[in-house]
There are 2 protein chains.
Amino acid sequence: MVIDRSSPVPLYHQLAEQLTAAIESGRLGPGDPFENELALADRLDLSRPTVRRAIADLVARGLLVRRRGVGTRVASQVIHRRDELTSLYDDMVRRGQRPLTVLRRFEREIVDPRAAECLGLPEATPLVFLERLRFAGETPTALMHNWLPPQFADLTTEEVTSGSLYAALRARGSRPVIAHQTIGARRPTAAERKLLALVAGDPLLTMSRRAYDGDGGAVEFGDHCYRCDQYAFDVTVHER
Amino acid sequence: MVIDRSSPVPLYHQLAEQLTAAIESGRLGPGDPFENELALADRLDLSRPTVRRAIADLVARGLLVRRRGVGTRVASQVIHRRDELTSLYDDMVRRGQRPLTVLRRFEREIVDPRAAECLGLPEATPLVFLERLRFAGETPTALMHNWLPPQFADLTTEEVTSGSLYAALRARGSRPVIAHQTIGARRPTAAERKLLALVAGDPLLTMSRRAYDGDGGAVEFGDHCYRCDQYAFDVTVHER
DNA sequence: GTGATTCATATGTCCTGACATTATTTGACA
DNA sequence: TGTCAAATAATGTCAGGACATATGAATCAC
């Protein structure tokens with residue numbers, strides 16, 4: 001356990017990383033008592049609040065459990081807190097498979113009152129619109145519609161197809177930091193059935209999303225539908 | 001802005017609640033500059049870290065935005081951070097509608113290798129099993145299966161039907177604090193179609209869940225299916 | 001032996017103080 | 001008037017200290 005005081009990385013962050021590494025290395029096992037904050041602060045020559053901050057970060061991530069009067073322990077089952085949705089698509093990427101995304105439509109000035117409303121803009125605002133179809137091998141897996149505010153009208157086809165849409169927004173100083181997503185299911189339309197190669201009775205898994213930047217300004221509205229044999233969403237939920 | 005020092009509620013928590021109220025009352029509008037932490041601490045006769053803690057809580061909830069060297073502002077669009085799934089069912093409750101949950105089956109010793117595995121238990125472990133059907137008025141809306149570890153075999157029918165299942169677990173000292181949920185869609189079985197009064201082609205929205213207590217021990221496995229015209233899930237996602 | 005009380009341990013809350021870093025404004029100078 | 005440096009304003013990090021509260025173990029009284 002080494003703290004480098006000349007590093008620009010905050011002390012509490014260095015400590016949190018090293019505590020995390022100790023837990024994930026297996027050196028500390030599930031349920032093991034964890035060194036208390038006073039001893040740790042003494043041993044590492046750090047102030048107690050600094051140590052508390054590091055430990056609090058690990059608690060927030062589900063690696064440690066604290067109880068007043070008792071002490072701190074390694075969580076019995078190491079759970080990594082994830083504030084994000086993952087899907088079978090992400091699993092594919094993780095397994096090294098290369099899903100392909102085809103841009104079917106890209107408009108820089110399209111009027112859509114519903115999407116404008118979702119973006120908090122006047123109905124007649126010209127929006128940027130994308131329609132993409134995603135494949136896993138030969139199989140179409142998702143049909144995705146996205147609408148962006150007019151400040152992104154300078155997006156290039158290259159940006160939209162080669163990398164992540166959010167990376168392109170971030171390159172323009174708009175950093176999506178929070179998104180509200182609604183997940184549901186419905187019957188496909190005939191067009192969707194054809195595009196996604198569905199047979200009669202196959203349902204769609206749907207997800208609509210409104211993304212906001214750090215100031216709370218809406219930066220994206222998305223309306224996606226997925227083959228349910230290719231997609232499911234994993235959500236981690238915390239009770240306060 | 002009043003801080004009651006004789007209250008058992010921590011000072012930072014009182015302040016956070018009042019700052020929240022000020023924002024939600026409309027007294028402070030989106031984008032408004034927010035009083036800086038030094039002035040606030042001075043005015044309220046609180047220490048700066050205490051004020052920082054309160055402000056940090058509001059930042060974490062998306063109500064305020066901070067920038068080093070600039071100051072603190074009310075988020076342009078007030079977003080409430082919610083680390084929880086909500087559904088149309090919750091909307092019904094909020095609107096004062098009274099959904100009804102019918103207990104169809106309650107077993108205190110049932111062997112289910114799949115559920116046991118999901119609970120991290122040996123296959124032959126006798127589990128507690130619940131099957132419930134939920135109604136909104138006359139309309140069946142959800143079919144819910146839940147499996148619990150054997151320590152909950154003393155659950156009463158009363159507990160299971162009158163209040164929330166999690167409240168019953170908490171009363172036994174097992175506090176579910178994190179759950180991993182998987183949301184998907186599929187075709188209903190014939191039995192599900194009948195129970196949920198579905199017509200041909202109607203899809204199911206599905207959600208399976210594994211809930212863990214503060215020590216990481218599994219406390220519940222659930223497998224639910226919903227009518228998609230009655231349910232959708234809202235998820236808030238944060239990018240780090 | 002059992003239940004109540006006390007004590008030791010550990011986290012939770014709060015304070016005062018100081019310095020570092022970033023962003024914006026102000027003032028000086030060409 | 002424009003540019004650059006210094007000053008000001010605000011948040012971020014860190015420290016040392018003190019007291020409060022909850023928990024579990026040990027001790028004491030019956």
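The model is predicted, so local features need pLDDT of at least 70 and side-chain atom pairs count only at pLDDT 80 or more, whereas totals for chains, interfaces and linings use all residues. Residues are numbered from 1 along each chain as its sequence is written, chains are lettered from A and ligands numbered from 1 in the order in which they are written, and side-chain values use heavy atoms, with hydrogens and water left out.

**DNA strand C.** Sugar or phosphate supplies 73% of the atoms of DNA strand C within 4 Å of the protein, and bases the rest. α3(B) gives the largest share of this surface, four residues; helices are DSSP runs of H or I with at least four residues, strands runs of E with at least two, numbered from the N terminus.

Polar contacts (pairs of N or O atoms within 3.5 Å) include the following.

| Protein atom | Atom of DNA strand C | Distance |
|---|---|---|
| A:Glu37, polar backbone atom | phosphate oxygen | 3.3 Å |
| B:Tyr12, side-chain N or O atom | phosphate oxygen | 2.7 Å |
| B:Arg68, polar side-chain atom | sugar or linking oxygen | 2.9 Å |

**Strand β9(A).** Eight of the 10 residues of β9 (residues 204-213) of chain A are buried, so the strand is largely enclosed by the rest of the structure; buried means under 20% relative accessible area with a 1.4 Å probe, protein chains only. β9(A) pairs with β10 (residues 218-227) of chain A in the antiparallel sense over nine bridges, pairing requiring at least two DSSP bridges. A:Leu205 has A:Tyr226 of β10(A) as its bridge partner.

Definitions and conventions: Buried < 20%, exposed > 50% of the residue type's maximum accessible area, 1.4 Å probe, protein only. Near = heavy atom within 4 Å. Polar contact = N/O pair within 3.5 Å; in protein donor to acceptor, adjacent residues only side chain to side chain.
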